[in-house]
Amino acid sequence: MPRYVAVVETPLSVSDAFAFMSDMRLYPSWDPSIVRAVQVVGTGPGPQAQVDLTFGGLATLRYRVTGYVTPREMVIEARNRFVRSHDVVRVDPTPTGSRVTYDAEFRLNVPGPVSGIVLGPAFRVLSSGAAAGLRAALRADQVQPAGS
């Protein structure tokens with residue numbers, strides 16, 4: 001199954017980095033494969049949040065929070081009859097700010113290694129764009145305070 005892991009060092013505090021990363025409505029601002037985010041459950045980040053993310057205008061997946069330990073970790077999952085996504089966002093303190101780890105697994109709902117063979121190359125291209133966007137977004141001067 002295709003897997004994407006991005007690790008980004010940021011001068012942001014753990015709480016500021018987690019506030020940014022846990023707000024799925026902001027994902028289009030750093031992931032170029034996501035063109036739209038609409039919150040359908042809840043009113044912002046949190047353990048009950050559900051957000052519809054539209055990828056390239058082709059598919060919309062409803063991501064729901066399945067694990068939430070502020071300000072350190074969030075687990076989000078999406079599934080439909082074709083695909084499944086399991087993403088873990090972790091924020092750890094560093095001497096100069098924090099380290100954000102975004103770990104995503106994506107698979108087609110098909111048996112065996114077909115998912116990795118079919119999705120692997122495209123997933124690698126999309127995830128490299130997301131990693132670059134995440135590095136740029138987590139610069140202290142790029143992150144907007146909540147509510148701006």
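Leaving aside neighbours within four places in sequence, Ser-85 is in contact (heavy atoms within 4.5 Å) with Tyr-63, Ile-76, Glu-77, Ala-78, Glu-105 and Phe-106. The model is predicted, so local features need pLDDT of at least 70 and side-chain atom pairs count only at pLDDT 80 or more, while totals for chains, interfaces and linings use all residues. Residues are numbered from 1 along each chain as its sequence is written, and side-chain values use heavy atoms, with hydrogens and water left out.

Ser-85 is found in strand S6, residues 83-94; strands are DSSP runs of E with at least two residues, numbered from the N terminus. The relative accessible area of Ser-85 is 5%, and this residue is therefore classed as buried (under 20%; exposed is over 50% and partly exposed in between, with a 1.4 Å probe and protein chains only). The side chain of Ser-85 makes polar contacts with those of Tyr-63, at 3.1 Å, and Asp-87, at 2.8 Å. A polar contact is a pair of N or O atoms within 3.5 Å; within protein, one must be able to donate a hydrogen and the other to accept it, and residues adjacent in sequence count only if both atoms are side-chain atoms.

Strand S2 (residues 34-41) contains Val-40, which is partly exposed because its relative accessibility is 35%. Strand S2 runs antiparallel to strand S3 (residues 50-55), with six bridges between them; two strands pair if DSSP finds at least two bridges. Ala-37 has Leu-53 in S3 as its bridge partner. Strand S3 also pairs with strand S4 (residues 59-69), in the antiparallel sense and over six bridges. Here Asp-52 stands opposite Arg-62 in S4.

Technical notes
Helices (H or I, at least four residues) and strands (E, at least two) are DSSP runs, numbered from the N terminus.
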